[in-house]
Amino acid sequence: AALEGAESATSFATGMAAISTTLFALLSPSQRAVTVRDAYGGTYLLFTQILPRFGIQCHVCETDDHDAIEASIMSGCDVLYLESPTNPTLKVLDLARLIKAAHAAKAIAIIDNTFATPINQNPIALGADLVIHSATKYLGGHGDVLGGVVCGHRDLIERIYHYRELIGPALDARSASLLLRSLKTLGLRIERQNENALALARFLERHPAVKQVHYPGLESNPGHQIAKRQMSGFGGVLSFEVKGGMDALARFLPRLRYAYMAANLGQVETIVGPPALTSHVELTEAERAAAGITEGLVRYAVGIEDLADLQADLEAALACI
Ligand code: PLP
């Protein structure tokens with residue numbers, strides 16, 4: 001709560017526990033939720049497969065179309081649920097603009113701030129009612145703890161806390177103590193990850209084996225101007241598309257010496273993975289294509305290693321494509 005400038009907060013066993021408990025606590029049958037296509041894979045499935053089974057109407061908008069999101073909000077909205085930057089293509093949404101539209105419709109505005117972290121972005125200062133984190137990522141930071149957090153208005157947190165008590169996905173005491181340990185270094189870790197990610201994004205953008213780099217800190221990124229306004233750093237996650245699709249990835253990924261292949265992100269060690277086979281594996285091919293998740297796309301979640309080591313590692317592996 002202190003890091004996000006919120007009145008109150010409560011914790012959960014995982015990020016998905018935080019997201020699902022919050023949505024079930026706040027939404028009732030016949031109410032309407034608006035979200036975007038590029039949400040985390042699990043969140044997207046919650047909106048498209050689970051919530052509709054309980055009579056909750058869910059409208060998934062194209063992520064880059066602010067006008068369409070506003071129009072959907074205006075046609076009836078009880079909860080607006082957004083992420084920015086998004087997973088895994090790092091699209092940037094104008095949070096203040098969309099939160100304002102949500103409030104005009106009397107909706108609750110919820111932002112998943114996992115990718116940005118509270119060091120780089122504070123959605124409550126931009127008007128959000130609730131901010132969610134998968135603490136499994138940057139808040140934990142060491143790959144040894146699962147958790148989730150919701151921060152925001154005291155009355156909303158009380159409703160969510162009550163629901164959490166009845167459903168049961170509480171954060172266990174050992175994980176809570178590991179998270180408190182991790183928060184002591186959050187500022188230092190994020191500062192280093194911001195620096196590493198920006199430098200590597202610039203390096204990759206110039207590399208001939210790379211088709212495209214997604215990182216909000218790049219001047220060439222379509223969301224750069226909005227990101228500059230609403231973020232104080234651009235975060236530790238970037239994604240890029242190698243030329244040659246899956247075949248190229250099969251040569252590139254095993255040659256990386258500094259990056260672990262895993263579905264996680266936000267740790268002190270660099271983690272790499274193709275979203276088509278990890279975070280978004282449960283989506284259909286058509287859904288992945290619509291979200292811009294091509295076969296050659298790599299999500300690269302930068303750690304706190306020496307920049308020179310990471311760059312040399314990428315250079316050697318890319319030479320194999
Ligand atoms: N939100 C975002 C943006 C994520 O990337 C993830 C997981 O990758 C989650 C939520 C879910 O968190 P957890 O893995 O802790 O359940």
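Guide: Phenylalanine 115 is buried, with a relative accessibility of 9%. Buried means under 20% relative accessible area, exposed means over 50%, and partly exposed lies in between, computed with a 1.4 Å probe and protein chains only. The model is a predicted one, in which local features need pLDDT of at least 70 and side-chain atom pairs count only at pLDDT 80 or more, while totals for chains, interfaces and linings use all residues. Residues are numbered from 1 along each chain as its sequence is written, and side-chain values use heavy atoms, with hydrogens and water left out.

Phenylalanine 115 sits in the loop between β5 and α5 (117–120). Helices (H or I, at least four residues) and strands (E, at least two) are DSSP runs, numbered from the N terminus. Neighbours within four places in sequence aside, phenylalanine 115 is in contact with Pro85, Thr86, Asn87, Leu90, Tyr138, Val237, Leu265 and Arg299. Contact here means heavy atoms within 4.5 Å. Tyrosine 44 is 71 residues away from phenylalanine 115 along the chain, and their C-alpha atoms are separated by 16 Å.

Pro85, one of the contacts of phenylalanine 115, is found in the loop between β4 (79–83) and α4 (95–104). The peptide bond from serine 84 to proline 85 is cis, with omega near -5°. The bond between asparagine 87 and proline 88 is also cis, and its omega is about 0°. Proline 88 belongs to the loop between β4 and α4 as well. Leucine 90, another contact of phenylalanine 115, lies in the loop between β4 and α4 too. Leucine 90 is not a glycine, yet its phi is positive, at about 55°. Leucine 90 has a relative accessibility of 2%, so it counts as buried.

Lysine 106 also has a positive phi, near 65°, without being a glycine. Its place is the loop between α4 and β5 (108–112). At 76% relative accessibility, lysine 106 counts as exposed, whereas leucine 90 is buried.

Glutamine 193 lies in helix α8 and is buried, with a relative accessibility of 1%.

Histidine 207 is buried, at 14% relative accessible area. Its side chain reaches the backbone nitrogen of alanine 209 at 3.0 Å.

Threonine 294 is in the loop between α11 (285–290) and β12 (297–301). At 29% relative accessibility, threonine 294 is partly exposed. With neighbours within four places in sequence left aside, its contacts are Glu241 and Ala276. The side chains of threonine 294 and glutamate 241 are joined by a polar contact of 3.4 Å. A polar contact is a pair of N or O atoms within 3.5 Å; within protein, one must be able to donate a hydrogen and the other to accept it, and residues adjacent in sequence count only if both atoms are side-chain atoms. Threonine 294 and isoleucine 108 are 33 Å apart, C-alpha to C-alpha, and 186 residues apart in sequence.

That leaves the whole chain. The secondary structure comes to 12 helices and 12 strands. The radius of gyration is 19 Å, close to the 20 Å that the globule rule gives for 321 residues, so the chain is as compact as a globular protein of that length. That radius is taken over C-alpha atoms, and the rule is 2.2 Å times the number of residues to the power 0.38. The C-alpha atoms fill a box of roughly 55 × 40 × 35 Å along the principal axes. Of the 321 residues, 56% are buried. Among contacts between residues at least 6 apart in sequence, 75% join residues at least 24 apart.
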